[in-house]
Amino acid sequence: MKEQAHGRLEAERRQTLARLADLSDDFDAVVAASRDTNADDEHDPEGATIAFERSQVQALVRQAREHLDEIEAALERLGAGTYGTCEECGRPIGEGRLEARPVARTCISCAAKATVRRR
């Protein structure tokens with residue numbers, strides 16, 4: 001299981017790093033486009049679109065970086081021998097959940113309870 005989990009996490013890391021590189025390219029393109037337009041966003045109809053796109057890409061970059069942090073934490077748990085154990089109840093996290101979400105910290109039951117509490 002440990003080798004499988006490590007492989008899944010490394011694959012997830014590679015995908016996230018590739019996504020981050022693509023997003024960085026997208027961000028650079030948006031910034032370059034903003035240089036080529038009127039700097040007055042308030043009166044330039046394209047200015048609002050460029051600002052929105054820049055904000056969207058920044059949010060996606062932030063999400064990708066946070067996901068990388070989650071992957072690193074999961075790798076640390078794997079090394080410590082706690083990977084696959086729910087941080088809430090201490091029971092094993094189902095293999096299916098770990099396949100679908102390799103960075104999962106909680107079992108399905110505890111994750112569902114947390115979702116209900118947030119509502």
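How many helices and how many strands are there in the chain? Display the whole chain as a cartoon: this predicted model contains four helices and zero strands. Followed from the N terminus, the elements read α-α-α-α.

Next, colour the chain by burial. Of its 119 residues, 30% are buried.

With contacts displayed, consider how far apart in sequence the partners lie. Among contacts in the chain with a separation of 6 or more, 56% join residues 24 or more positions apart.

Now select helix α1, which spans residues 2-35, and locate Asp-22 within this helix. Is Asp-22 buried, exposed or partly exposed? Its relative accessible area is 47%; because buried means under 20% and exposed means over 50%, Asp-22 is classed as partly exposed.

Why does Thr-106 count as buried? The relative accessibility of Thr-106 is 16%, and the limit for a buried residue is under 20%, so Thr-106 falls in the buried class.

Which residues does Thr-106 touch, leaving aside those up to four places away in sequence? Show the side chains around Thr-106: the contacts are Cys-86, Glu-87, Glu-88, Ile-93, Arg-97 and Ala-111.

How values were computed. Residues are numbered from 1 along each chain as its sequence is written. This is a predicted model: local features need pLDDT of at least 70, side-chain atom pairs count only at pLDDT 80 or more; totals for chains, interfaces and linings use all residues. Side-chain values use heavy atoms; hydrogens and water are left out. Buried means under 20% relative accessible area, exposed over 50%, partly exposed in between (1.4 Å probe, protein chains only). Contact means heavy atoms within 4.5 Å. Helices (H or I, at least four residues) and strands (E, at least two) are DSSP runs, numbered from the N terminus.
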